[in-house]
Amino acid sequence: MIAAVREWLTSVVAVTLLLTAAQTLIPEGSIRKIAAFTGGLALLAALLQPVLRTDLSRLELDLDAYTQAVEERRAELEEATDAELASVIASRTEAYILDKAAQLGLSAAVRVETETGAEGVPLPWAAEISGPRSEELAAYIERELGIPRERQVWHETES
């Protein structure tokens with residue numbers, strides 16, 4: 001690699017020296033302008049030599065692997081987003097139940113599980129309540145939060 005860079009720099013310097021010598025030897029006029037233009041093209045060719053020598057047939061673009069990697073990352077991000085959304089919904093649902101329990105004068109601990117609904121959005125699915133059983137709280141959970149009584153698990157304790 002270093003040898004290739006050295007060769008390229010040598011050719012650029014050699015062309016530049018030749019052009020400088022030619023410019024000083026050619027008299028003023030239209031011939032000098034033509035020589036300057038031709039010399040500029042020669043210098044440009046020397047500068048672009050590594051690009052011009054590049055074998056593009058060896059260049060392989062593995063777009064299928066790239067597309068697959070992008071799809072995997074998208075799926076990972078979607079999964080993480082869904083998990084975070086489910087966590088937020090569960091914690092807010094737990095807060096609603098705890099607020100209602102406090103309004104009823106109950107001391108309770110709540111854990112809510114979610115499941116993905118028909119539209120792909122996590123919904124409250126089941127509730128586990130530790131505290132005194134309250135029919136009013138159970139009815140609220142069923143009516144307002146959509147968790148039927150058969151998916152409400154009560155661990156009765158005295159408050």
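Biologist: By class, which residues make up the lining of the largest pocket?
Modeller: This is a predicted model. In it, M1, A4, V5, W8, P50 and R53 line the largest pocket. Arg counts as charged, while Ala, Val, Met, Trp and Pro count as nonpolar. By class, that lining has five nonpolar, no polar and one charged residues.

Biologist: Which helix gives the largest share of the lining of the largest pocket?
Modeller: The space in this pocket is about 180 Å³. Three lining residues make up the largest share. They come from helix α1, residues 2-25.

Biologist: Which element gives the most to the nonpolar patch?
Modeller: The patch covers about 690 Å² of surface and is made by F37, L41, L44, L47, L48, V51 and L52. Two elements give two or more residues to this patch: α3 (49-52) and α2 (30-47). With four residues, the most comes from α2.

Biologist: Does V51 count as buried or exposed?
Modeller: V51 sits in helix α3. Exposed means over 50% relative accessible area. V51 has 58% relative accessibility, so V51 counts as exposed.

Biologist: What is the relative accessible area of D82, and how is D82 classed?
Modeller: D82 belongs to helix α4, residues 63-103. The relative accessible area of D82 is 36%, so D82 is partly exposed.

Biologist: What separates the C-alpha atoms of D82 and G120?
Modeller: Along the chain, D82 and G120 are 38 residues apart.

Note on methods. Residues numbered from 1 in each chain as written. Predicted model: local features only at pLDDT ≥ 70, side-chain atom pairs only at ≥ 80, totals over all residues. Heavy atoms only, no water. Patch = residues over 30% accessible without salt bridge, like charges linked within 9 Å, V, L, I, M, F, W, Y side chains within 5 Å. Areas by Shrake-Rupley, 256 points an atom, 1.4 Å probe, with all protein chains shown as cover. Salt bridge = Lys/Arg side-chain N within 4 Å of Asp/Glu carboxyl O. Buried < 20%, exposed > 50% of the residue type's maximum accessible area, 1.4 Å probe, protein only. 1 Å grid on protein atoms, 1.4 Å probe; cavity = no way out; pocket = protein on both sides within 12 Å on 5 of 7 lines; lining within 4 Å. Points joined across faces, edges and corners; volume = space filled by probe spheres on them.
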